[in-house]
Amino acid sequence: MKQLCMYLVCALLALLPATVQARALSALEGLEKLRQAFAATRDFTAEITQEKQLSVLRKKLVMKGTIRFKKPDRFLLVTLAPYSGTTILKDNHLEQRVGQGGELQRMVLPPDQGLRHWFSLLDKPLTRLPDGLKVRAEVQRGLYTVVVLPEGQGQMREITIQFQEDGTMRRLVLEERNGDKTVMQFKNLRKNTGLSETDFGIN
């Protein structure tokens, strides 16, 4: 009976799918893989589900919407009701409108927090880590995860990017020093459709 039970256990274990362990990458290898994956991407549009956890609230805010990006420094996020709003980042110039007809808010970020600065770090093959960054990276089943930890006193404490080798973005996590956390899941991503400046405006 014991032998029969052991046989059945072994048979069941053999039928289970093998677990593929994540393979750790060096910091430089991870950043270089990120650069290579997005090298051919000039712009992209995607539908997103965004979960935002504010440090001052226990309730998690779940939003749906659309995101657009165009190299080197254009970003737009439009969220739908009940948390409707539009956020635009043009390099380090941030514009935001909450709700329909809400007041337009503007902010200028430090130059080293602008999109152009970040993407300038990835515009050519990397031979060393950029100053002011710590990086962790791994790959599992073709999905790459790169975690960037900016040093200094900037707003972001940790940035996690998950992507496929062809540059398809899957997940973005932004953790701020004030305790706020934003998680974006991407679907129906369309690359290199020819986005223009008119696609990055607030109505």
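Start by selecting Pro72, which lies in the loop between S3 and strand S4 (74-79). The S labels mark strands and the H labels helices: both are DSSP runs, numbered from the N terminus, with at least four residues (H or I) for a helix and at least two (E) for a strand. You're looking at a predicted model, where local features need pLDDT of at least 70 and side-chain atom pairs count only at pLDDT 80 or more, while totals for chains, interfaces and linings use all residues. Residues are numbered from 1 along each chain as its sequence is written, and side-chain values use heavy atoms, leaving out hydrogens and water.

**Stop 1**

Next, select Pro82, in the loop between S4 and strand S5 (85-90). The peptide bond from Ala81 to Pro82 is cis as well, with omega near 10°. Now go to Asp91, in the loop between S5 and strand S6 (93-98). Asp91 isn't a glycine, yet its phi is positive, near 60°.

**Stop 2: zoom out**

The C-alpha trace spans about 75 × 45 × 35 Å along its principal axes. Of the 203 residues in the chain, 36% are buried; that word means under 20% relative accessible area, with exposed meaning over 50% and partly exposed the range in between (1.4 Å probe, protein chains only).

**Stop 3: helix H2**

Select residues 27-38. The twelve residues of helix H2 should span 16 Å at 1.5 Å a residue, and the end C-alpha atoms, 17 Å apart, agree with that; the expected span is 1.5 Å times one less than the number of residues. How many of the twelve residues of H2 are buried? Nine of them are, so H2 is mostly covered. Among these buried residues are Leu31, Leu34 and Phe38. The buried residues of H2 pack against strands S1 (23-25), S8 (133-140), S9 (143-150), S10 (156-164) and S11 (169-176).

While you're there, click Ala24 in strand S1. Ala24 is exposed, because its relative accessible area is 64%. Beyond four places in sequence, Ala24 touches Ala137 and Glu138, where a contact means heavy atoms within 4.5 Å.

**Stop 4: the largest nonpolar core**

A nonpolar core is a set of buried Ala, Val, Leu, Ile, Met, Phe, Trp, Tyr and Cys residues joined through side-chain atoms within 4.5 Å. The largest one has 28 residues, and Ile67, Val146, Ile161, Phe163, Leu172, Met184 and Phe186 touch the most other members. At least two residues each come from H2, S2, strand S3 (60-70), S8, S9, S10, S11 and strand S12 (181-191). Which element gives the largest share of this core? That's H2, with five residues.

Pick out Phe186 by itself: leaving aside neighbours within four places in sequence, its contacts include Phe44, Ile48, Ile67 and Leu172.

**Stop 5**

Select Gln50 in strand S2 (residues 43-53). Gln50 counts as buried because its relative accessibility is 6%. Its contacts beyond four places in sequence include Leu61, Met63, Leu77 and Met184.

Then move to Asp180, in the loop between S11 and S12. Asp180 is buried too, with a relative accessible area of 12%. Draw a line from Asp180 to Leu54: they are 126 residues apart in sequence, but 4.6 Å apart in space, C-alpha to C-alpha.

Finish at Asn188 in strand S12. Asn188 has a positive phi of about 50° although it isn't a glycine, and with a relative accessible area of 45% it is partly exposed.
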